[in-house]
Every structure is written in C-alpha cells, then in structure tokens.
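I opened this notebook to keep track of what I looked up, item by item. I begin with the surface, then turn to rings and charges, and end with the chain as a whole.

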Amino acid sequence: MEKEAKKEAFRKYLESSGVLDALTKVLVALYEQNDKPSSAVEFVQQKLGGPTVSEYEKLQGEMLDLQIKYNELLAAHQETCRQFEEIKNSSTTTSSKETIDEEAPKDGL
C-alpha cells in the first residue's frame with residue numbers, strides 16, 4: 001500500500017510540474033514524424049531543449065580546451081606570484097641592510 005502511495009505522489013508531482021505534458025508533447029511529435037529520426041533519444045533531447053550529441057561533443061571539446069588554457073594561465077600566475085615574492089623579499093632584505101648600515105657608527109667619528 002505504501003509503495004502505491006509513493007507512486008501516486010510521484011505521478012502527481014510530475015503532473016503538477018509539467019513534466020508529463022512536456023513528455024507527452026515530445027512523444028506525440030515523434031509519433032507524428034513521417035520520417036522517423038535515426039535516434040529517438042536525440043530527437044527527445046533536442047525537443048526538450050538539450051544539446052544534440054554533436055553539440056554536446058563540441059561543447060565537451062571547448063570545455064577541455066578552456067580547462068587546458070586555464071591551467072596554463074594558473075601556472076603562469078603562480079610563477080609570477082613566486083617571482084614577485086622573491087623580489088619583495090630581496091627588496092626587504094636590501095632595505096634592512098641599508099638601514100643597519102646607516103644606523104651603525106662610523107669608525108672615523
């Protein structure tokens with residue numbers, strides 16, 4: 001009995017959210033096609049607003065290219081930050097030495 005109640009609640013959820021109507025419309029459109037597409041799944045995905053397989057593969061390729069570029073830029077940024085820290089540290093060390101030299105008494109005075 002509990003299982004039937006869960007099924008009914010889920011059916012009502014799908015109906016109230018518009019999923020059943022959307023799927024019905026897509027399946028009716030597929031049924032009414034004179035020349036059935038080679039891939040019914042791709043047809044359904046396209047009608048529901050998802051990318052086709054070829055579009056998905058293209059987007060995957062673009063994402064991979066962008067991930068590679070991101071990794072390269074991140075590595076360059078990290079290297080630049082490392083160099084900046086080195087310069088900053090060497091500048092601080094040089095500045096400290098100059099301050100010490102200026103404050104130290106000279107032998108001739």
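Predicted model: local features only at pLDDT ≥ 70, side-chain atom pairs only at ≥ 80, totals over all residues.

How many aromatic pairs does a search of the whole structure find? I noted one. The rings are those of Phe 10 and Tyr 13, with 6.1 Å from centre to centre and 35° between the planes, and the pair is listed as tilted. I checked the class against the cut-offs: planes under 30 degrees apart would count as stacked and those over 60 as edge-to-face, so the 35° of Phe 10 and Tyr 13 leaves the pair as tilted. Both residues sit in helix H1 (residues 2–16), where a spacing of three residues puts them about one turn of the helix apart. For Phe 10 I wrote down a relative accessibility of 48%, which makes this residue partly exposed.

I recorded six salt bridges for the structure, and went through several of them in turn. Lys 6 and Glu 2 join their side chains in a salt bridge, with 3.9 Å from N to O; as the cut-off is 4 Å, I kept this pair as a salt bridge. The two residues both lie in helix H1 and are four residues apart, about one turn of the helix. Lys 6 is exposed at 57% relative accessibility, and Glu 2 is likewise exposed, at 58%.

Next I took Arg 11, whose salt bridge with Glu 15 has its closest N and O atoms 2.6 Å apart. Arg 11 and Glu 15 are also both in helix H1, and here too the spacing is four residues, about one turn of the helix. I noted Arg 11 as partly exposed at a relative accessible area of 35%, and Glu 15 as partly exposed at 46%. I then saw that a network of salt bridges links Glu 8, Arg 11 and Glu 15.

Arg 82 and Glu 79 form a salt bridge whose closest N and O atoms are 2.4 Å apart. Because the two are three residues apart in helix H4 (residues 53–103), about one helical turn separates them. Arg 82 has a relative accessible area of 38% and is partly exposed, while Glu 79, at 31%, is partly exposed as well.

The chain has four helices and zero strands, and its elements run α-α-α-α from the N terminus on. Of its 109 residues, 6% count as buried. The accessible surface of the chain is about 9,800 Å², and 57% of that belongs to carbon and sulfur atoms.

Definitions and conventions: Residues numbered from 1 in each chain as written. Heavy atoms only, no water. Phe/Tyr/Trp six-rings, centres within 6.5 Å; stacked < 30°, edge-to-face > 60°. Buried < 20%, exposed > 50% of the residue type's maximum accessible area, 1.4 Å probe, protein only. Areas by Shrake-Rupley, 256 points an atom, 1.4 Å probe, with all protein chains shown as cover.
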